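Keep the 3D view open as you read.

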Amino acid sequence: QVRLVESGGGLVQAGGSLRLSCAASGRSFSTYVMGWFRQAPGKEREFVAAIARSGSSTDYADSVKGRFTISRDSAKNTVYLQMNSLKPEDTAVYYCAADQRRISLTGGNYWGQGTQVIVSL
């Protein structure tokens with residue numbers, strides 16, 4: 001029902017910033033709870049952030065609180081992840097997720113292809 005395409009990944013130095021985008025297709029973007037997950041090499045996929053349908057509430061993993069900000073723009077059918085004060089530990093492939101019910105710690109019903117973020121020392 002929805003296709004998700006991430007963009008904005010790349011190489012950045014520690015302490016720098018990066019903004020990821022997740023563009024969603026379809027006409028029902030506002031009905032989806034959205035989230036971001038990441039998976040580092042050799043590691044399990046982990047929850048990063050989630051945002052309510054209205055954008056009125058957000059949730060973050062403890063590891064990114066105070067550094068990352070999730071937001072959404074209904075007019076553009078896009079969810080963003082602003083990443084500041086990046087650390088080498090943030091290096092991972094970042095995935096966008098969507099669900100009409102909820103985003104759990106394991107994900108949602110729909111996934112994007114992912115965008116790679118590399119944070120150098």
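A quick ground rule before we look: two cysteine sulfur atoms within 2.5 Å of each other count as a disulfide. Bear in mind that this is a predicted model. By that cut-off there is one disulfide here. It joins Cys 22 and Cys 96, with the sulfur atoms 2.0 Å apart. The two cysteines come from distant parts of the chain: Cys 22 belongs to strand β3 and Cys 96 to strand β9, 74 residues apart. The torsion about their S-S bond is about -80 degrees, so this disulfide is left-handed. Both Cys 22 and Cys 96 are buried.

Now look at who touches that pair. Leu 4 is in contact with Cys 22 and also with Cys 96. Further along the chain, its contacts include Met 34, Tyr 110 and Trp 111. Leu 4 also stands out in the largest nonpolar core, which has 36 residues: along with Met 34, Trp 36, Leu 81, Met 83 and Tyr 94, it touches the most other members. Strands β3, β4, β5, β7, β8, β9 and β11 each give two or more residues to this core. In soluble globular proteins, nonpolar side chains tend to be buried together.

Strand β3 takes us on to a sheet. Four strands make up an open, antiparallel sheet, ordered β1-β3-β8-β7. At its edges sit β1 (4–7) and β7 (68–73), each pairing on one side only. From one strand to the next, the twist averages 15 degrees. Inside the sheet, β3 (residues 18–24) and β8 (residues 78–83) run antiparallel and are joined by six bridges. One to find on screen: Leu 18 has Met 83 in β8 as its bridge partner.

Technical notes: Residues numbered from 1 in each chain as written. Predicted model: local features only at pLDDT ≥ 70, side-chain atom pairs only at ≥ 80, totals over all residues. Heavy atoms only, no water. Pairing = 2+ DSSP bridges. Axes fitted to C-alpha atoms, helices over the stretch in contact; angles between N-to-C directions. Core = buried A, V, L, I, M, F, W, Y, C linked by side-chain atoms within 4.5 Å. Buried < 20%, exposed > 50% of the residue type's maximum accessible area, 1.4 Å probe, protein only. Contact = heavy atoms within 4.5 Å. Lists of a residue's contacts leave out its neighbours within four places in sequence.
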